[in-house]
Structures are given as structure tokens and as C-alpha cells.
Amino acid sequence: MTALMMILGIVVFAIGLLISIAWHELGHLSTAKLFGIRVPQYMVGFGPTLFSRKKGDTEYGIKAIPLGGYIRMIGMFPPGADGRVEARSTSPWRSMIEDARSAAFEELQPGDEHRLFYTRKPWKRVIVMFAGPFMNLVLAVAIFLGVMMTFGVETQTTTVGKVSDCVIQQSENRSTCHKDDRPAPARAAGLKAGDKIVAVDGQPMKDWSTLQDTIRRTIGPATITVERHGVRETLHADLIKNQVSKVDGHGGYVNGKYVYAGFLGFSPASGIVKQSFGSSVDRMGDMMEQGVDSLISLPSKIPALWDSAFGGAPRQPDSPMGVVGAARVGGEVFTLDIPPQNQIAMMLFLVAGFNLSLFLFNMLPLLPLDGGHIAGALWEALRRHTARLVKRPDPGPFDVAKLMPVAYVVAGIFVCFTILVLIADVVNPVKIS
């Protein structure tokens, strides 16, 4: 049964992956057609074609390897300086440029002269290239907000999970009390596991963040109003100043960083809590910020990833993970001993996280990514605008094809990184159970 649920989880994630890819390419396709650019192909996947059908002047199809997708637009690059589409050269770098230029004009038909990508104004090209990643962002936001507002997320609550027996400085990293340790204020006040703290000094405590901030700001006597077995009781506590973990402003703790603040002495219980629209948007902002930080720190994680793949080192929970690893996690989600609605929520979060990653990754200003083409169009707009201001001749389209040697290098790095992640995902995968 476990193996069957594992397979089911992988299949569900694969379907979510295909939908995400198709949705991304639909953004490119719809805006390209809106601006009159001819698109010969819209494909989901790579490799041999499993199914295709031509409608209008576009062939729509599904390929065998569901690891990406693409649309083909006519005239992605302008002709060479001599006006020719093709110009052969013995230079390998020059050949790369002209091969890319030639491919951009394959299937050129009479009447396509006014349906070429490079002939569109820079702002239109920016929209076409941005539309794909933007569709992933829209899907991610829709799923995240939908799950958080209708189902909820596991959140620390104002309910007491465990009461500390004594006062221990956080940096001591111990859980047992010594004879000379003073009792925790919560224990002395009579706070018990299961109590729901509803107010401190008469101020309502609606969520854990507010309660945590209030406790840390309070040193000395305080009244703690709790709800115990449906009845409200008022406890009197004497909060002290103690060394506690520093918080990062997003609900988490900063490892190895400590501050001195008010201390009551209990751990909050966690539960699935529906989020308001405002709270959901705040969480989405935090996710976006964390995603950007993860992308920036990606190179620094390669040594640990290499050790995990080839050195037998343990795989870190925040280790980069590819499609295979994500599919494996999706399979694990369906094997967890949790309610079905929790499994569905976790799977949706996984697909939403994948879409958010696609958006951020594709916005890198590097060819062959969408962000590289956006950067080229913006540079062209800047050159032309500057030429108008200084009354110089129009410099014409920016020849993105000249950057193809760099694009091949970038693509080579991405391929090597993808292979490394794939090996790590197979021999030493990230696990959630």
C-alpha cells in the first residue's frame, strides 16, 4: 500500500509539473500571438513527440520527456550586419552566433517579414518574455493564497504546548534542570499545557507573534488570562530577563544568535490555522524574500551538494533539489500518516513552490533564460532612447545572437548543476518523513 501511495504521489506531482510548464509556455504563446508574432510550435516536454495537432499556423504537442517545454517564434534574432540570415565562418564562436541566427529564421514563409519577434518594439518583447515566468508567479500566488485562506497552515498558536520547569539560558543548549536553577515564571504562576493564552495585562493575544513580542517586552509582574477547559482564569506571573534565541522577523529563530528579553517559560503548541488575506500576503512576501535569498546562496551550497552526492555526507534540508527530488518528495507526501486534506495541502504547496522557483530562476538576466532576452530588449530600448536624446542615428535592434557563446557557457553550467542535483536526488535524496 505504501509503494502504491508513493507512486500515486509521484504521478500527481508529475501532472502538476506538466500543468505548470504548459501554463508557463501559454504565457509566451498568448502574448506572442497578441503582438502578431508567428509561433510555429508550442510543445510541452522534450524529445520524441507523443502527440501533436496543428491549429492555424501553430503545432501544439506533448513530448516524451516532461522536464520542460518551449515555443518557437520566428525571428528571435535580427539578421547579420550584411542583412543576410546566414553567414558561415570558420570561427567556432562565430558559427554559434550564425547557427542561432539561422535557427531563428527556420520555416520563414512569405509574409513573415512583418511577423518576426525582433521587429517588435522592445516593450512588446519584454512582455512576451516576461509573460511565461509571470504565469508561474500567478499560479504560485493563487495556490498559496488558496491553501492558506481555505485550509490553513501549520502555525504556532497561543495554546501552551509544554511548560518549562526552570530558567535555562538558551545558549546552554540543555533541557534538564540543575538544583540551583530557579523555577520558570510560567510554572510558578500555574500555567499548564493545553491552556490558551487569550490576554496579557488585559491586552488580547490573537496570534503567537503578538504573544511572543508582548512576552519579550515584559519584565516584572504581569497578569496572564488563559482559557482552561472552556473557563477563563487569571494567573499572576513575574516575568524575568533571560537569554533567548533571536527571532528573524518571519516567525523563525536565528541559529546561534541570542538576545536578552522577557521570559515566561513555555513552548507554544502548533496547529492548522486558516490565515486572513493580509496574513497570507505577508507570508507570500516572506516566501518570495526567502526564495531570492536561496537563489543568491545557490553557488555556496554546491560543495555540500557534491559531498552529499559523492562523499556520503548527510543531505541538508535546504539543499538544492531538482525535479526528480521534488517528485520523490511528492511521493513521500502521500505516504505520511496524516489526514488526506493535509496531504493535498502539502502537495499543492510543493507545486506552488516549484512555480515560484521557476519564476525567480527564469528572471535571472542570463541567456538562454527569459530574463536574458528581457535584459537584451531593455538594453536596446535604452540605446535607442539615448540616441534620440543626443540626436544620433537609430542604432537599430540589439543583436542578442552575439551573446550566444555566453549563453552556451551558461547553459553548460546549468546542465552540469542539473546533473549534480539529479545524482544527489537519486543517491542521497531530501526526505520529509
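**Loops, cores and a pocket**

Author: Pro368 is placed in the loop between H9 and H10. Helices (DSSP runs of H or I, at least four residues) and strands (runs of E, at least two residues) are numbered from the N terminus. This is a predicted model, in which local features need pLDDT of at least 70 and side-chain atom pairs count only at pLDDT 80 or more, while totals for chains, interfaces and linings use all residues. Residues are numbered from 1 along each chain as its sequence is written, and side-chain values use heavy atoms, with hydrogens and water left out.

Reader: What kind of peptide bond joins Leu367 and Pro368?

Author: The bond is cis, with omega at about 10°.

Reader: Why is His229 called exposed?

Author: The relative accessible area of His229 is 82%. Buried means under 20%, exposed over 50%, and partly exposed in between, with a 1.4 Å probe and protein chains only. The value for His229 is over 50%, so His229 counts as exposed. His229 lies in the loop between strand E6 (220-228) and E7, and has a positive phi of about 55° although it is not a glycine.

Reader: Which loop holds Lys391, and what makes Lys391 exposed?

Author: Lys391 lies between H10 and H11. Its relative accessible area is 77%, over the 50% cut-off, so Lys391 is exposed. Lys391 also has a positive phi, about 60°, without being a glycine.

Reader: Why is Leu360 called buried?

Author: Leu360, in helix H9 (residues 340-362), has a relative accessible area of 12%. That is under 20%, so Leu360 is buried.

Reader: Which residues does Leu360 touch, not counting residues up to four places away in sequence?

Author: They are Met288, Gly291, Val292 and Leu295. Contact means heavy atoms within 4.5 Å. The C-alpha atoms of Leu360 and Tyr258 are separated by 32 Å, and the two residues are 102 apart along the chain.

Reader: What makes a set of residues a nonpolar core?

Author: The members are buried Ala, Val, Leu, Ile, Met, Phe, Trp, Tyr and Cys residues, joined through side-chain atoms within 4.5 Å. The largest such core has 26 residues, of which Met73, Phe117 and Val128 touch the most other members. At least two residues each come from helix H1 (2-34), strand E1 (41-55), helix H3 (122-150), helix H10 (370-389) and helix H11 (404-427). H1 gives the most, with four residues.

Reader: Which residues are in contact with Phe117, leaving aside neighbours within four places in sequence?

Author: Phe117 is in contact with Ile37, Met73, Ile74, Gly75, Met76, Arg125, Val128 and Met129. A second, separate core of 24 residues includes Leu139, Phe144, Leu145 and Ala352.

Reader: How many residues line the second largest pocket, and which are closest to its centre?

Author: There are 33 lining residues, and Ser164, Gln170, Phe263, Phe266 and Ser267 are the closest to the centre. On a 1 Å grid over the protein atoms alone, a pocket is an open set of points where a 1.4 Å probe fits, with protein on both sides within 12 Å along at least five of seven lines; lining residues have an atom within 4 Å of a point. The largest share of this lining, seven residues, comes from E8.
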